[in-house]
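Here is a friendly briefing to read alongside the model. Take it topic by topic, and look up each residue in the viewer as you go.

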Amino acid sequence: MDKNIKWMDNQLPKSEKEKSIEFLQYDEVAKAKNFHESFPQYTKTPLVKLEALASHLGLGGIYLKDESYRFGLNAFKVLGGSFAMAKYLAQKLNKDISQLGYEKLISEEVRKDLGEITFYTATDGNHGRGVAWTANQLKQKSVVYMPKGSSQTRLKNIQAEGAQASITDMNYDDAVRLATKHAQENNGVVVQDTAWDGYEEIPAWIMQGYGTMALEAIEQLKEMGIERPTHVFVQAGVGSLAGAVQGIVASIYKDDCPKTVIIESNLADCLYKSALAKDGEPRFVGGDMQTIMAGLACGEPNTIGWEVLKNYSYAFVSCPDWVAANGMRILGNPLNNDTKVISGESGAVSAGLIQAIMTRKDLKDLKDKLQLDETSKVLMFSTEGDTDPDMYRKIVWKGSHVE
Ligand SMILES: Cc1ncc(COP(=O)(O)O)c(C=O)c1O
């Protein structure tokens, strides 16, 4: 397998730019943030300023959102599933989401009105845990399918939320089709973190839910005196998260939009391949996609996310596993007084990439293209903690996945 980092700047044809981010305007996403703020578990996750790392790499600032603190679930993903499930229930009850805060949602009265609902989903771990957790809070049922090779710890964490969860013998994209089929056969509700033609409403709500993280980060930057980051690095599987972050950043900063970099595993780099194709049509990657970045092991782009990314993103980067492993080690072993961040395989690839870009001769063209220098203020997201602790330890202690 190729050990090189590959990249492509955005040369894609644009289509209905403003329309593609309508659902990610501030007012829409603020509704998700208000909803999440009603949870007793809610606190803003930390935005960590990695001052020593930035200065070591020759950057003006690195600001990293640490999502390992999210609702005690060790990943950002619950933001999407919980908001989409609440929006779905609000629609069923003919109410506005603003009338359905956490207390109301989990009330006996609402449960009686709704009757029994079973939510179906496929997941590489974090999304399924978020859906199972939310279903559990609502005293409803969930059924969760995981791709071949999924971690037993991640499976157990989902089962611990009361879900009927299992590891299948298929990849993520096929597991999504299986979840959809079983939901249809059993009159269940599919809560999937990706969109395809004809299935867009719930994924759009999921993306709005992820927006809570982006809005928090933008507020926290302001509190630190940063009006606007110059660069945003965000990792992608299907591109729902990246599309959400990109859409929000574009709608807030408008013509002064930071340069955004979309980062994938090279074993599941469907967005990078779509960028390479230059015709604006999404491309698929198939097979087992056995990357350590389990959360990014998705081969079929989210259709509505792709529209946002192709219209606004600056560059697409495809990274081998060593980049994520490096990021985990860098964040777990901070310089000087920088805060330590426990970042899992899918969470750390942005940190690994920024270090590679700023230090490797073979990436000088990318550094120049992005205009990364001592004036740059880079925002990124550690989207998970050690959601598979055995794998985390293997990588950071035993030094596996070294280039
Ligand atoms: C930790 C983590 N980071 C990033 C992602 C990527 O999100 P998306 O599939 O929306 O691109 C995932 C997806 O599961 C994830 O679990």
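- Helices (H or I, at least four residues) and strands (E, at least two) are DSSP runs, numbered from the N terminus.
- This is a predicted model, in which local features need pLDDT of at least 70 and side-chain atom pairs count only at pLDDT 80 or more, while totals for chains, interfaces and linings use all residues. Residues are numbered from 1 along each chain as its sequence is written, and side-chain values use heavy atoms, with hydrogens and water left out.
- The buried residues of H13 are Ile 304, Gly 305, Trp 306, Val 308, Leu 309, Lys 310, Asn 311 and Tyr 312.
- What do the buried residues of H13 pack against? Their partners are helix H1 (17–20), helix H10 (201–223), helix H11 (240–253), E9, helix H12 (270–277) and strand E10 (315–319), where contact means heavy atoms within 4.5 Å.
- At the start of H13, the backbone nitrogen of Ile 304 has a side-chain oxygen of Asn 302 within 2.8 Å. A polar contact is a pair of N or O atoms within 3.5 Å; within protein, one must be able to donate a hydrogen and the other to accept it, and residues adjacent in sequence count only if both atoms are side-chain atoms.
- Helix H15 (residues 349–359) is also largely enclosed by the rest of the structure, because nine of its eleven residues are buried. Among them are Val 349, Leu 353, Ile 357 and Met 358.

**Aromatic rings**

- A pair of aromatic rings is described by the distance of the centres and the angle of the planes.
- How many aromatic pairs does the structure hold? There are ten, counting rings of Phe, Tyr and Trp (its six-membered ring) whose centres lie within 6.5 Å; planes under 30 degrees apart count as stacked, over 60 as edge-to-face and the rest as tilted.
- Phe 35 and Phe 39 make an edge-to-face pair, because their ring centres are 5.1 Å apart and their planes stand at 85°. Phe 35 is buried at 4% relative accessibility, and Phe 39 is buried at 6%.
- Trp 196 and Tyr 199 are stacked, because their ring centres lie 4.5 Å apart with the planes at 20°. Trp 196 is partly exposed at 28%, whereas Tyr 199 is buried at 13%.
- One aromatic cluster is formed by Phe 35, Phe 39, Phe 71, Phe 83, Tyr 102 and Trp 133.

**Charges over rings**

- A charge sits over a ring if NZ of Lys or CZ of Arg is within 6 Å of the ring centre and within 35 degrees of the ring normal.
- The charged end of Lys 259 sits over the ring of Tyr 314, 5.3 Å from its centre.
- Lys 259 belongs to strand E9 (residues 259–265), and its side chain makes a polar contact of 2.8 Å with the side chain of Gln 371.
- The charged end of Arg 393 sits over the ring of Trp 397, 5.8 Å from its centre.

**Around the ligand**

- The ligand is surrounded by 16 residues, and the closest are Asn 126, Gly 237, Gly 239, Leu 241 and Thr 383; a residue is near a molecule if one of its heavy atoms lies within 4 Å of it.
- A polar side-chain atom of Asn 126 is 2.8 Å from an oxygen atom of the ligand.
- Polar backbone atoms also lie by ligand oxygens: one of Gly 237 at 2.6 Å, and one of Gly 295 at 3.2 Å.
- Taken alone, the ligand exposes 390 Å², and the protein buries 99% of that; accessible areas come from the Shrake-Rupley method with a 1.4 Å probe.
- Asn 126 lies in helix H7 (residues 126–137) and is buried at 13% relative accessibility.

**Two positive phi angles**

- Phe 71 has phi near 55°, a positive value in a residue other than glycine. Phe 71 lies in the loop between strand E3 (61–66) and helix H4 (78–92), and is buried at 7%.
- Asn 94 also has a positive phi, near 60°. Is Asn 94 buried or exposed? Asn 94 counts as exposed, at 73% relative accessibility, and is found in the loop between H4 and helix H5 (102–105).

Conventions:
Buried < 20%, exposed > 50% of the residue type's maximum accessible area, 1.4 Å probe, protein only.
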